[in-house]
Every structure is written in C-alpha cells, then in structure tokens.
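Hello,

Here is the structure we talked about passing on. My notes follow below it.

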Amino acid sequence: MKPEEFYQALSQRGIELSSKQKEQFQIYFHELVETNKVMNLTTITEESQVYLKHFYDSLVLGFVDERILTDELSLCDIGSGAGFPSIPLKIVNPKLKITMVDSLNKRIKFLNDLSGKLNLTGINLVHGRAEELGKNKLYRENYDVVTARAVAAMNVLTELCLPFAKVGGEFIAMKSEKAPEELNEATYAIKILGGKVGDQKSFELPNNEGVRNFIFVDKTKPTPKKYPRKPGTPGRKPLVG
Ligand SMILES: C[S@@+](CC[C@H](N)C(=O)[O-])C[C@H]1O[C@@H](n2cnc3c(N)ncnc32)[C@H](O)[C@@H]1O
C-alpha cells in the first residue's frame with residue numbers, strides 16, 4: 001500500500017487526510033526507519049509495508065470503533081513499542097488524549113522525540129511495566145479505552161490492561177487469527193477482573209494480508225486489588241492465567 005493508496009483507502013472510508021496529516025505520516029515513516037537502524041523498533045521497514053501493516057493496521061481499531069476516530073476520548077495503549085496503534089490514531093484524531101506505556105525506556109525516548117517532530121500534544125508517555133502501573137492511582141480505572149497490539153496472549157493481556165479502564169469504559173484487544181481460542185483461555189480472567197465480554201469484530205486487511213480480530217471487553221465493575229488465581233494454574237505471579 002503506497003502512500004497514495006493509503007490516502008485513497010482512508011478516503012473510501014470517509015477520512016480525508018489534510019496535507020499536514022499526510023506529512024505527519026511521512027515524517028513518522030522516516031523517523032521509524034532511520035531510528036530502526038540504531039534501535040530495534042520493527043522488522044517492517046519497506047514503505048508500502050509500513051503504510052499497510054503499521055499505519056493502516058493501527059487505524060483499523062478506529063474502523064471497528066468509530067468513536068476513536070472522532071471523539072475526545074482518553075486512550076491508553078499498553079506496550080506501544082514504536083507507537084502502534086496509538087500514534088496513527090492520534091494523527092487522524094488529534095482530539096484523543098493518549099497515554100502510551102512501555103517497559104523499554106529506549107522506546108519511550110523514541111516516542112518522545114517522535115511526538116515532538118510530529119508536533120503532537122496531549123500525549124503522556126510512561127515508562128514501566130503495566131502490571132505495576134495498573135496499581136497506581138494515576139492510571140488505575142482512568143481511561144475510556146485501553147488497547148494493546150501484539151503484546152501478550154488474551155488472558156495475560158486482560159490482567160495487564162483491564163485495571164486501566166474506567167468502569168463504563170472498555171478494553172479492546174487487537175488480535176490475529178487465534179482470537180477465539182485465546183478468548184476461551186481468558187474468560188476467568190475477564191470475569192474476575194471486572195470485565196464482561198462484549199462485541200467481537202473482524203476486519204480483513206486489503207491485499208489479502210490477513211484478518212484482524214478485535215475482542216471488546218466492557219468494564220462493568222472495578223478491578224479488585226486482590227483476586228484468586230484460576231484454580232489449577234500454578235504459573236507465574238501475579239497473572240491469573
Ligand atoms: C511486540 S511489541 C508491539 C509493539 C506495538 N504495540 C506494535 O504493535 O507494534 C511489544 C511491546 O510491549 C512492551 N511490553 C511487553 N510487556 C510489557 C509490560 N508488561 N508492560 C509494558 N510494556 C510491555 C515491549 O517492550 C514492546 O515494546
């Protein structure tokens with residue numbers, strides 16, 4: 001998907017990028033590829049692949065939940081790495097209030113430099129592990145939408161993400177083909193952490209590049225500070241399995 005095809009694909013969905021937004025995506029591509037020469041950020045570096053598999057793929061979250069492309073929501077992106085999905089969403093919808101969490105400080109530094117180069121405001125960058133930050137009053141039960149792409153299996157991801165969502169908010173997991181199996185493994189974690197499985201949506205990427213699955217988890221109750229481990233799963237602390 002070359003940049004022109006990207007603009008056209010968005011236009012077909014009613015999203016007309018301004019010249020400033022097109023330039024922001026170009027700068028993002030340039031910074032990603034240049035920084036990747038000295039820091040491990042992505043294995044995808046060819047322009048049309050970056051536009052499809054990083055930029056467009058990130059925006060699909062806004063195609064399955066259109067509020068994210070239009071409203072003034074607070075969105076927390078757990079394990080945002082080089083900024084996916086939150087930076088492409090922020091470029092398209094500057095009203096979003098974004099918090100990006102990552103456990104690798106060099107990635108947070110990249111995101112800080114990038115936000116400056118893209119002139120983005122309303123971005124909060126947090127270095128740390130989600131399982132720890134989720135206990136902190138500053139972040140706990142604080143976001144309309146919590147999301148994560150390519151971070152962990154659904155049961156672990158639920159434990160990392162759900163504490164950040166407000167009651168009445170939602171956690172949306174971005175998943176590939178194995179979403180149904182992963183969801184089966186996560187039903188205990190979702191229930192015990194104050195969630196309820198909501199919609200499940202699929203989206204086919206252009207050029208036969210595969211299907212993206214989205215699992216919506218509604219936060220219906222506060223996440224308890226302590227909770228029992230799933231019976232019969234000795235595993236690592238503090239994950240419920
Ligand atoms: C495979 S990368 C995916 C990055 C980005 N979301 C994407 O889709 O390109 C996973 C990222 O999650 C971060 N990460 C993994 N476990 C984490 C945790 N428990 N808390 C915060 N960040 C975490 C890693 O440092 C890494 O940057």
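Helix α8 spans residues 154-161, and eight of its eight residues are buried, so the helix is largely enclosed by the rest of the structure. The buried residues of α8 include Met-154, Asn-155 and Glu-159. Leu-157 and Cys-161 are buried there too. Please keep in mind that this is a predicted model.

The core

Leu-157 and Cys-161 also turn up in the largest nonpolar core, among the residues with the most contacts inside it. That core has 60 residues. Ile-78, Val-146, Phe-171 and Ala-173 are the others with the most contacts inside it. Helix α3 (residues 47-64) gives the largest share of this core, seven residues. In soluble globular proteins, nonpolar side chains tend to be buried together.

Phe-171 shows who meets whom. Not counting residues up to four places away in sequence, Phe-171 touches Val-146, Cys-161, Leu-162, Ala-165, Gly-195, Val-217 and Lys-219.

The ligand and the annotated site

Which residues come nearest to the ligand? They are Gly-79, Gly-81, Ser-103, Ala-130 and Arg-149, out of 18 residues around the ligand. Two elements give two or more residues to this shell: β2 (97-102) and α7. By class, the shell has nine nonpolar, four polar and five charged residues.

The UniProt record, an unreviewed entry, places a "binding site" feature at Gly-79, Phe-84, Ala-130, Glu-131 and Arg-149. Two of these positions deserve a look.

Ala-130 sits in helix α7 (residues 130-133). Is Ala-130 buried or exposed? It has 25 C-beta neighbours inside 10 Å, so Ala-130 counts as buried; the cut-off for buried is 20 or more. Leaving aside neighbours within four places in sequence, Ala-130 is in contact with Ile-78, Val-101 and Leu-160. Ile-78 is one of the core residues with the most contacts. Leu-160 is one of the buried residues of α8.

Arg-149 is in strand β4 (residues 143-149). It is buried, with 23 other C-beta atoms within 10 Å. Its contacts, leaving aside neighbours within four places in sequence, are Phe-84, Pro-85 and Met-174. Phe-84 is also one of the "binding site" positions in the UniProt record.

For contrast, take Lys-20. It lies in helix α2 (residues 19-36). With 11 C-beta neighbours inside 10 Å, Lys-20 counts as exposed. Lys-20 and Arg-149 are 129 residues apart along the chain, and their C-alpha atoms are separated by 26 Å.

Backbone details

Where is the cis peptide bond between Phe-84 and Pro-85 placed among the elements? Pro-85 lies in the loop between β1 (74-78) and α5 (86-92). The bond from Phe-84 to Pro-85 has omega near 5°. Both residues are contacts of Arg-149.

Two asparagines have positive phi. For Asn-207, phi is near 55°. For Asn-208, phi is about 50°. Asn-207 is in the loop between β6 (195-204) and β7 (211-219), and Asn-208 is in the loop between β6 and β7 as well. Asn-207 counts as exposed, with 11 C-beta neighbours inside 10 Å. Asn-208 counts as exposed too, with 7.

A buried loop residue

Leu-118 is in the loop between α6 (105-117) and β3 (123-127). It has 21 C-beta neighbours inside 10 Å and counts as buried. Not counting residues up to four places away in sequence, Leu-118 touches Gln-24, Ile-27 and Tyr-28.

The whole chain

The protein chain has nine helices and seven strands. Its radius of gyration is 17 Å, close to the 18 Å that the globule rule gives for 241 residues, so the chain is as compact as a globular protein of that length. Along the principal axes, the C-alpha atoms fill a box of roughly 50 × 35 × 30 Å. Of the 241 residues, 40% count as buried. Among contacts with a separation of 6 or more, 68% come from residues 24 or more positions apart.

Best wishes

Terms used
Residues are numbered from 1 along each chain as its sequence is written. This is a predicted model: local features need pLDDT of at least 70, side-chain atom pairs count only at pLDDT 80 or more; totals for chains, interfaces and linings use all residues. UniProt positions are given in the numbering used here, feature names are shortened, and annotations may be inferred rather than shown by experiment. Helices (H or I, at least four residues) and strands (E, at least two) are DSSP runs, numbered from the N terminus. A residue is buried if 20 or more other C-beta atoms lie within 10 Å of its own, exposed if 12 or fewer, and partly exposed in between; C-beta atoms are placed from the backbone. Two residues are in contact if their C-beta atoms, placed from the backbone, lie within 7 Å. A residue is near a molecule or strand if its C-beta atom, placed from the backbone, lies within 6 Å of it. Ala, Val, Leu, Ile, Met, Phe, Trp, Tyr, Cys and Pro count as nonpolar, Asp, Glu, Lys and Arg as charged, and the others, Gly among them, as polar. A nonpolar core is a set of buried Ala, Val, Leu, Ile, Met, Phe, Trp, Tyr and Cys residues joined through C-beta atoms within 7 Å. The radius of gyration is taken over C-alpha atoms; the globule rule is 2.2 Å times the number of residues to the power 0.38.
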